[in-house]
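I opened the notebook with a plain plan.

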Amino acid sequence: MELHEVNAFKIRSYTSAIYSIDQGNISLENLTKEELQKINGIGKSIAEVIVQLQETGTHEYLEELLKDTPKGLLEVLEIKGLGPKKIKVLWKELNITSVHELLEACQSGEVAKIKGFGAKTQESIIQSLEFIASNKGKWHYADVESDIEALQEKFDQLFGKEKVAITGEYARKSEIIEKAEWIINTDNRKSVFQEINQIDSLEQNKKVSSPFTWRGKLKEKELEIIIFATEPSSFINEQLLRTASNAHLLAPMDAGHTLGSFFKSKGFGSEQEAYKEAGLAYISPELREGQFEIELAKDNKLPVLLEEKDLKGILHNHSTYSDGKHSLKEMAEYCKELGYEYLGISDHSRTASYAGGLSIEQVEKQQKEIKKLNEELAPFKIFSGIESDILPDGNLDYPEEVLASFDFIVSSIHSSLNMSRKKATARLIKAIENPYTTILGHPTGRLLLRREGYPIDHKAIIEACKDNQVVIEINANPWRLDLDWRWVHYAIEQGVKLSINPDAHEKAGYAHMKYGVLVGRKGGLSKEMTFNALGLEEIDQYFKKRKSKIK
């Protein structure tokens with residue numbers, strides 16, 4: 001509607017309806033037109049639209065808009081930093097109707113010549129397009145998890161659980177999945193591949209398949225699927241070789257051999273046996289990245305990895321006080337119901353006006369409600385926190401007396417993201433040095449597959465957290481998973497604790513904790529180095545002691 005410059009009042013009415021539905025956590029399913037009109041922001045015409053969408057899956061007005069919109073423009077609308085108004089200008093002035101045409105126009109310099117764009121905007125578009133192109137065919141682990149697990153279950157049923165193993169990046173719990181790989185233990189490859197071709201969700205690519213390998217895709221998601229059929233005698237060897245990264249397999253062993261060549265040298269009864277014969281402690285699949293695991297395994301010093309059951313509380317969550325879907329009470333009660341001992345509420349701070357950031361008066365109101373709820377829900381406890389915006393100069397966005405009123409503070413960057421490495425690092429370090437900062441939130445601000453994080457000096461940031469006793473967040477939202485697992489081990493080496501935080505904006509967001517645990521495990525995170533593995537009494541004392549030291 002914005003692209004076609006529909007009446008502004010009409011656009012606002014749709015926006016208002018969406019906001020009411022979203023903020024109120026309202027289910028529209030099976031509601032009549034009359035019931036829909038009782039919802040704030042939904043009038044007769046929008047109620048009719050909702051009913052038709054429910055009944056048919058579409059609407060004549062939607063079809064009319066789509067008919068008048070070149071299909072490629074829908075992809076252009078997904079590009080970060082390009083709103084409908086600018087896209088309309090590109091469409092009408094340069095006849096751009098696809099991502100490909102937009103890239104060509106940018107590369108030839110045509111976009112920079114248009115009024116309101118310029119060289120900076122043109123370069124930003126190029127970077128966004130290149131980022132999108134480089135991530136084509138890639139998926140968040142969380143987005144393909146249920147599909148891959150369903151296939152795993154199907155293979156187990158067809159061939160026997162002990163004869164099927166998932167390998168590759170999914171077995172290593174990588175945050176981004178480009179392909180799902182399995183090996184199947186069989187004496188009859190032809191029969192196995194025939195059975196696989198009967199699975200409706202899969203489609204074989206016969207051109208690239210072979211008598212030993214089935215290649216194709218998961219139809220619904222266009223996810224690449226590779227299935228290797230191997231003889232029983234080499235099943236464990238193949239599992240070892242196809243699960244680990246190249247860096248892990250290239251790790252040097254005695255007499256100039258690599259770990260990979262050792263795995264090929266003879267048969268093994270199990271993966272555990274293979275690592276033992278290599279003179280190593282058993283290395284879990286998620287650690288087989290060629291980072292730090294080999295040296296620790298040689299010295300039998302691999303950590304006992306964190307498990308989800310080790311977590312005692314959930315920090316960094318949002319409620320309807322800012323941009324969350326559920327009330328503070330609902331978030332707390334559900335957290336308690338899940339078996340956690342405490343909840344850290346950290347709604348957006350006042351600078352984040354776009355996300356309903358809390359004014360000083362709202363902070364006081366929320367803290368009064370927290371006190372009341374803590375009396376009702378004891379021994380469960382809500383800790384009063386805030387996700388305080390780190391301003392461009394590195395300061396936090398409340399006066400000191402307000403910062404002092406919170407139990408803990410998650411300090412995060414949400415604005416002015418186009419920084420140099422030097423500026424971003426200095427900005428973060430100043431926030432880390434603020435005595436009220438308890439946790440550094442999503443350190444790079446990245447959105448996986450959508451937006452690169454701002455460049456930072458990870459070592460300098462981690463060392464600053466060490467010097468100031470600041471915890472670093474592993475933001476468990478599948479779009480973020482930030483701190484990146486590749487830096488988790490360095491943080492641990494420096495004695496910096498990590499906090500698995502879901503950044504939940506609704507009750508369902510608590511389920512993301514598992515992805516934060518997976519990322520932590522990849523970096524070698526143990527229960528001992530996980531901040532929110534502390535019990536209620538321990539973390540309560542930590543917050544009080546930290547605040548008491550502030551002069």
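**Charges.** I counted charged side chains in this predicted model. The protein carries 73 positive and 85 negative ones. I then looked up the centres of the two sets, and they lie 2 Å apart.

**Overall form.** I checked the radius of gyration next. It is 26 Å for the protein. A compact globule of 551 residues would come out near 24 Å, so the two values agree. I also took the box along the principal axes: the C-alpha atoms fill roughly 70 × 65 × 50 Å.

**Secondary structure.** I listed the elements and found 24 helices and 14 strands.

**Burial and surface.** How much of the protein is buried? I get 50% of the 551 residues. The accessible surface comes to about 27100 Å². Carbon and sulfur atoms hold 49% of that surface.

**Contacts.** I looked at contacts with a sequence separation of 6 or more. Of these, 67% join residues 24 or more positions apart.

Which strands pair with β7, and in what sense? I noted two partners:

- β4, residues 179–185, pairs with β7 in the parallel sense, over 7 bridges. On this side Ile184 stands opposite Ala229 of β7.
- β6, residues 213–218, pairs with β7 in the antiparallel sense, over 6 bridges. Here Thr213 has Phe228 of β7 as its bridge partner.

I followed the chain from β6 into β7. The two strands form a hairpin with 4 residues between them. In this hairpin Glu222 takes a positive phi, near 60°.

**Asp147.** I turned to a helix residue. Asp147 sits in helix α9, which covers residues 141–159. Is Asp147 buried or exposed? I find a relative accessible area of 17%. The cut-off for buried is under 20%, so Asp147 counts as buried.

I then looked up what Asp147 touches, leaving aside neighbours within four places in sequence. The contacts are Leu218 and Lys221. Leu218 falls within the range of β6, residues 213–218. That brings this entry back to the strand that pairs antiparallel with β7.

Note on methods
Residues are numbered from 1 along each chain as its sequence is written. This is a predicted model: local features need pLDDT of at least 70, side-chain atom pairs count only at pLDDT 80 or more; totals for chains, interfaces and linings use all residues. Side-chain values use heavy atoms; hydrogens and water are left out. The radius of gyration is taken over C-alpha atoms; the globule rule is 2.2 Å times the number of residues to the power 0.38. Buried means under 20% relative accessible area, exposed over 50%, partly exposed in between (1.4 Å probe, protein chains only). Contact means heavy atoms within 4.5 Å. Accessible areas come from the Shrake-Rupley method with a 1.4 Å probe; for residues, only the protein chains shown count as cover. Lys and Arg count as positive and Asp and Glu as negative; His and the chain ends are not counted. The place of a charge is taken as NZ of Lys, CZ of Arg, CG of Asp or CD of Glu. Two strands pair if DSSP finds at least two bridges between them.
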